[in-house]
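Thanks for coming. Please bring the structure up on your screens, and I will walk through a few strands and a helix pair.

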Amino acid sequence: MFDPSKLQLTPEENNDPLGNGENSNTHEEVTTETITQTKTTPTEQTPENIPQDTPPIEDNIVVPSETAASTPPAETLSPETANDTASPLATPESATMTTTTPPVTDINIQTMDDIIRILVNKSYDFVTIEPQEHEVVLHFKKDKEEKESRSIRFPEYSNILIKVKTITGMNLDTTNKEQEASGKTEQNGIHYELVSKVVPSNFWEKIFIKVKPVEKEVAGTQKKKTSLSSIFSFLGALLTISLILGGGFISFVVLNAKTVEDVQFFYSLGINLNDINTFISKVITIIFSLLLLIETILLVIVLFKLLLTKKDNKPRRVRYFIISAVLLFVTFWSAAAWMTIDQKVKSLPNWQELAYGDVQIFDNAKLASEKFDRISSLMPETTGLIGPITLKFDLALFAKNETQKGFKIERYIWDFGDGKTETTLEPTIIKDFTKKWNYEISLIIEEVDLNGQLIQKQVDDIPPVGVNYIIDYQERSLPNGGKTIAFDASELEELGKIEWYFEDDLETPVSKGFIFKPGKIFFEETLIGMHIIRDGEENTGFDRIFVISGEEENGLNGEIVSEASINDDRKYTFQVTNVENDFWAGFIESFSWQIGKRVFNKEANIEELEKSSEITVDFDEYGEHEIIVTLTDSSGKTKNLRTTINIEKNLKLKNNLNILNKTEPLEDVRYEEKTHEYFINELPIPTTLKLDARLVRTENLLYTLSDVRWDIDDDGKADEFGKSIEYDVDVEGNYTISVDYVFEHRKQSEDTITITEKVYIEGVKKDAILDLKIEKDSIYVPVSVRFDASKSEVKDKNIVKFIFDYGDGVQEERDAINPGHRYTKEGDYDVTLTVVTEDGSEYSTSKKLILQPRPQSAEISASLKKAPIGQGIDFSSDQSVGQVIWYFWDFGDGESSVDANPTHSYSRAGNYTVKLRVQFNNNNSLEDQMDIEIYED
């Protein structure tokens with residue numbers, strides 16, 4: 001499939017639907033409600049006193065010079081032009097206000113540090129910074145009384161606002177909502193906590209600031225020793241609580257997510273709207289898998305304690321029975337919740353598409369092409385277009401919302417401003433725009449309300465379509481099925497020169513000039529890109545992409561979708577979706593299904609076309625089945641659609657056989673999923689193995705485990721029955737145990753499926769049983785690895801030494817429980833444990849430890865992506881991953897820096913590409929880049 005990402009579009013064709021991207025052109029309308037909200041002044045809150053011993057210093061108040069007074073502060077830096085994060089709710093009056101008397105400003109207040117100095121030196125409780133019509137006023141308060149006020153200019157206010165938001169971690173892009181946060185800063189070697197609140201006001205944003213010193217932690221505090229079991233219990237409890245909270249949060253989002261705002265949290269993490277559902281599905285799988293694993297382990301432990309408790313200890317047995325019942329209930333509840341949420345995730349909408357609103361407009365040529373997906377066919381901007389162009393208007397989301405409200409839409413009446421109205425029964429319409437014009441589009445729907453009355457409703461928020469230029473496009477079909485094309489773009493001459501590209505070479509233009517006549521015949525679908533070379537502008541992609549269709553075919557088409565029944569794995573529902581037909585061929589009249597020897601005829605309903613094609617089929621047997629449906633339109637044309645489904649009877653196991661050595665889970669058991677085989681090598685004997693199949697499940701919940709048959713000597717005959725057995729291994733040699741799981745259909749008891757697995761055991765007599773357990777928190781270096789050899793034993797001898805060879809050249813004698821050894825380099829390590837008995841005998845065992853290098857990445861973040869000349873922009877590399885030892889920044893204007901998080905300002909307007917190159921401790925280096933737009937203030 002063609003990757004449309006290779007055809008980079010202009011900002012006008014590739015906007016971020018949320019308005020947060022680099023090229024966003026989304027315009028936010030200011031309603032009466034939002035304007036009223038912005039004029040609400042927040043109630044001032046009195047911060048706590050901040051006592052300081054630092055002596056106060058004098059601050060000078062000066063009157064600006066005559067030159068400065070000639071330019072009002074509102075023109076120097078108004079709320080609308082201060083930076084790209086200015087509030088969209090600022091009124092036009094605030095952007096054009098003028099003054100005849102220049103305000104008195106304090107030149108000693110230039111930065112955030114100056115404000116902190118005044119607050120600390122004069123022991124003020126807090127300060128409020130309030131933009132007014134001609135100045136920004138600072139009110140310093142103590143004991144709920146204002147002690148003094150000072151004035152500063154808007155440029156200083158802008159820098160202070162950005163610094164406050166940066167220190168406290170507020171959202172720089174948010175200007176019309178109240179924000180409150182705190183952060184830490186340092187001045188003259190003293191650390192302070194900065195508490196701030198930012199609220200919208202009539203003129204930009206009002207700021208509340210207070211600071212207090214941060215007390216240093218008392219060094220040398222003696223740490224209380226904690227047992228290893230307590231640490232593991234704490235970590236286990238912390239993990240469980242985190243899983244429950246995380247699962248609860250994700251579940252809440254999934255169950256309540258209806259709009260793009262509901263998943264804004266994931267988008268703020270940098271997850272693309274197209275990938276949010278996949279991300280949620282993976283997180284849900286991880287959380288519930290770990291949660292069920294923990295619950296299952298706890299359940300097994302409690303059950304074993306119940307079984308091992310003596311019968312005469314009745315209170316203890318009752319306690320364990322109650323706990324096991326509760327754990328069993330919780331485990332099944334978690335599994336049911338997982339299934340429910342997983343189904344809900346699958347039904348979530350495409351957020352990228354939903355972000356464009358209830359009315360979605362597509363480039364119909366792209367939408368019909370297999371080289372573009374639905375998202376890349378969306379038109380985020382419908383003005384300034386180059387025609388001719390065919391657009392598809394889709395109100396499916398709007399219609400769905402109306403249906404949920406209880407309304408039934410009867411028809412759609414469109415008016416494209418060309419003096420004609422068009423009526424459709426479906427919530428879509430395709431319209432050709434072949435003339436230069438600003439098309440104001442209106443839509444009226446007729447629907448049946450809750451009382452059964454037919455009413456009309458005006459649909460708002462349909463964006464206008466503006467076609468500014470027209471290209472003369474000629475297409476001629478040839479008798480051999482091919483076609484020739486010709487373009488005349490002379491009307492675009494005022495915009496600049498033109499280059500033409502074919503999709504097989506996006507780097508080299510195939511022609512230059514306003515007239516383009518490819519000297520070849522087109523038989524297959526082809527993409528042609530047109531780029532306008534504008535003076536002083538960089539190449540930002542294609543200004544128009546033409547989709548040249550291939551040989552003409554019958555426009556009748558569709559797609560077969562199927563859904564298996566939850567209660568019967570051999571019952572399927574089929575439906576035809578995405579039905580298409582030639583406009584002049586009329587409507588679809590019928591659907592004729594052929595499945596095996598059975599035929600199902602369905603009459604099409606134009607109002608519920610896809611629903612009318614639906615059939616439900618009970619299959620008699622498992623295996624592959626071919627599905628054929630014939631679409632017939634009112635002109636007599638037909639189209640056969642085919643698909644194949646495979647109904648599998650073979651079940652896939654979800655949980656494995658639990659193998660224990662006496663009462664402890666047996667380690668080093670290798671399982672081959674494809675062959676259903678377990679391998680237990682060098683099992684020390686004599687011992688007793690317990691094979692437990694009670695938790696064995698299948699992915700098909702319609703089948704449950706009804707019986708287990710055990711063939712101990714692998715002679716083809718069952719020796720024991722039951723879901724768990726104990727097997728004594730006391731003779732050296734090889735053993736094979738065959739186990740048959742019998743699964744029974746929940747509703748059809750005669751429908752059973754048997755799955756066979758084999759367990760291969762190698763019994764070895766050993767004088768020494770060395771048990772080396774390796775525990776690590778991560779597979780990435782650097783990491784500290786723990787070792788536990790406490791269960792090692794030597795027959796009739798006492799172990800006096802434990803020697804660990806870590807495989808990295810380090811060997812040392814430690815206790816049986818080794819708290820840890822630190823690895824700094826990736827690789828495969830052979831860890832060897834050697835035990836020495838009191839008579840000097842030595843016994844050894846080895847295990848392999850595999851450690852990987854930590855993932856590395858370079859990533860730039862910036863406080864502003866669009867700023868005026870001279871505005872300081874804070875760049876950060878903190879989101880880069882890995883042990884970075886060197887940074888190099890290229891700001892695109894000839895300046896550079898080697899700081900990790902530099903601040904840079906530009907002296908000229910223009911577009912700049914900022915590049916960051918980082919080098920890691922393993923000599924690997926990576927790069928990232930970001931585009932910055934600088935404009936004249």
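A word on terms before the strands: two strands count as paired if DSSP finds at least two bridges between them. Keep in mind that this is a predicted model.

Start with strand 54, residues 884-890, and strand 57, residues 910-920. They pair in the antiparallel sense over six bridges.

What do strand 57 and strand 58 form? They form a hairpin, with four residues between them. In the turn, N923 has a positive phi of about 70 degrees.

Three strands make it up, in the order 51-53-56, with antiparallel pairing. Strand 51, at 861-862, and strand 56, at 903-904, are the edge strands, each pairing on one side only. Strand 51 pairs with strand 53, residues 873-876, over two bridges.

Last, the helices. Helix 9 covers residues 276-308 and helix 10 covers residues 314-346. Their axes come within 9 Å and cross at roughly 165 degrees. Angles over 145 count as roughly antiparallel, so helix 9 and helix 10 are roughly antiparallel to each other. Their crossing is left-handed. Which classes of residue make up the contact of helix 9 with helix 10? There are 21 nonpolar, eight polar and four charged residues.

How values were computed: Residues are numbered from 1 along each chain as its sequence is written. This is a predicted model: local features need pLDDT of at least 70, side-chain atom pairs count only at pLDDT 80 or more; totals for chains, interfaces and linings use all residues. Side-chain values use heavy atoms; hydrogens and water are left out. Axes are lines fitted to C-alpha atoms, for helices over the stretch in contact, and angles run from 0 to 180 degrees between N-to-C directions. Angles under 35 degrees count as roughly parallel, over 145 as roughly antiparallel, 65 to 115 as roughly perpendicular and the rest as oblique. A crossing is left-handed if the near helix is turned anticlockwise from the far one by less than a right angle, and right-handed if clockwise. Ala, Val, Leu, Ile, Met, Phe, Trp, Tyr, Cys and Pro count as nonpolar, Asp, Glu, Lys and Arg as charged, and the others, Gly among them, as polar.
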